[in-house]
Amino acid sequence: MKVLLVNSSPHKNGCTDRALTECAKTLNENGIETDFFYIGTKALYSCIACKKCRETGFCALSDRVNDFLNIAGDYDGFLFGSPVHFGGATGALTSFLTRAFYADLNGGKRRFLHKPVSAVISARRAGSVATFDQINRFFTLMQMPIITSRYWPIVYGATAEDVEKDAEGLETMRILAENMAYALKAIEAAKKENIKEPLGETSVYTNFIR
């Protein structure tokens, strides 16, 4: 079983990375493999609604989004990390998730369906809970079970060294990872017992204006 940890911070080795690294360490201790995916600092377009992804399951705009989609199907769970920028997630992450998830849905690839997930947030001071709520809306649309911890998965600090002093925040990351490992093992056990995933239904769209 493998979890992909996605870092959307422009600082590759900053606060968000420190939180994700704490998660990865605990996942590894619980027998779960981990890899990191850094979104990077190159500009990411927002979705342009061209709908080319219906034909391919990939975005027509070739960048880190398609790099991610190329490997996402190989993972059993995901953690998406973001610092707080102006009271919300990074613009990079919102563009990234919008395009990645839209391409997956339109193309019928089901790379994310029923796979455990959580957001991991780093903040200097405020906006952390609003950012957590914002990112969760992406996951619920994709039918991804959201893994929780003893507290909201947030660390505080302006630098990675500051985060080292946030004992409660790091503990929250470890508990989050333990819960993720438990969920993954439970899903694996269910598969061995031949418990089938829900089939869902054909999508129905009801427009408000007719």
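**Group meeting: salt bridges, a buried strand and the cysteines**

Glu171 is partly exposed, with a relative accessible area of 31%; here buried means under 20% relative accessible area, exposed over 50%, and partly exposed in between, computed with a 1.4 Å probe and protein chains only. Before I continue, please note that this is a predicted model, in which local features need pLDDT of at least 70 and side-chain atom pairs count only at pLDDT 80 or more, whereas totals for chains, interfaces and linings use all residues. Residues are numbered from 1 along each chain as its sequence is written, and side-chain values use heavy atoms, with hydrogens and water left out.

I start with the charged pairs. A salt bridge is taken as a side-chain nitrogen of Lys or Arg within 4 Å of a carboxyl oxygen of Asp or Glu. The structure holds seven salt bridges. Which residue does Glu171 pair with? Its partner is Arg150, and the closest N and O atoms are 3.6 Å apart. Glu171 belongs to helix α7 (residues 167-192) and Arg150 to the loop between α5 and β5 (154-156), so this pair ties together parts that are 21 residues apart in sequence. Helices (H or I, at least four residues) and strands (E, at least two) are DSSP runs, numbered from the N terminus. Arg150 itself is exposed, with a relative accessible area of 63%.

A second salt bridge joins Arg18 and Glu164, with 2.4 Å between the closest N and O atoms. This pair links distant parts of the chain, for Arg18 is in helix α1 (residues 15-29) and Glu164 in helix α6 (residues 160-164), 146 residues apart. The two partners fall into separate classes: Arg18 counts as buried at 15% relative accessibility, while Glu164 is partly exposed at 45%. Arg18 and Glu164 also belong to a network of salt bridges that includes Glu22 and Arg174.

A further pair is Asp104 with Arg111, whose closest N and O atoms are 2.9 Å apart. Are these two residues buried or exposed? Both Asp104 and Arg111 are buried.

I turn now to strand β4. Seven of the seven residues of β4 (residues 117-123) are buried, so the strand is largely enclosed by the rest of the structure. In a regular strand the side chains alternate between the two faces of the sheet. In β4, Val117, Ala119, Ile121 and Ala123 point one way, Ser118, Val120 and Ser122 point the other way, and all are buried.

Which strands does β4 pair with? Two strands are said to pair if DSSP finds at least two bridges between them. Strand β3 (residues 77-83) pairs with β4 in the parallel sense over six bridges, and Ser82 stands opposite Ile121 in β4. The pairing of β4 with β5 is also in the parallel sense, over three bridges, and there Ser122 stands opposite Val155 in β5. Together, β3, helix α4 (residues 91-107) and β4 make a right-handed β-α-β unit. A crossover is right-handed if, with the strands pointing away from the viewer, the path from the first strand over the helix to the second runs clockwise.

Next, the cysteines. A disulfide is a covalent bond between the sulfur atoms of two cysteines. The rule applied here asks for a pair of cysteine sulfur atoms within 2.5 Å, and by this rule the count comes to zero disulfides. Cys23 is buried, with a relative accessible area of 0%. Cys53 is likewise in no disulfide, the nearest cysteine sulfur, that of Cys50, being 6.4 Å away. At 6% relative accessibility, Cys53 counts as buried.

Lys51, a residue other than glycine, has a positive phi near 65°. Lys51 is found in the loop between β2 (33-38) and α2 (53-56) and counts as partly exposed at 33% relative accessibility. Gln143, again not a glycine, has a positive phi near 60°, and its place is the loop between α5 and β5.

Val129 counts as partly exposed, at 31% relative accessibility.
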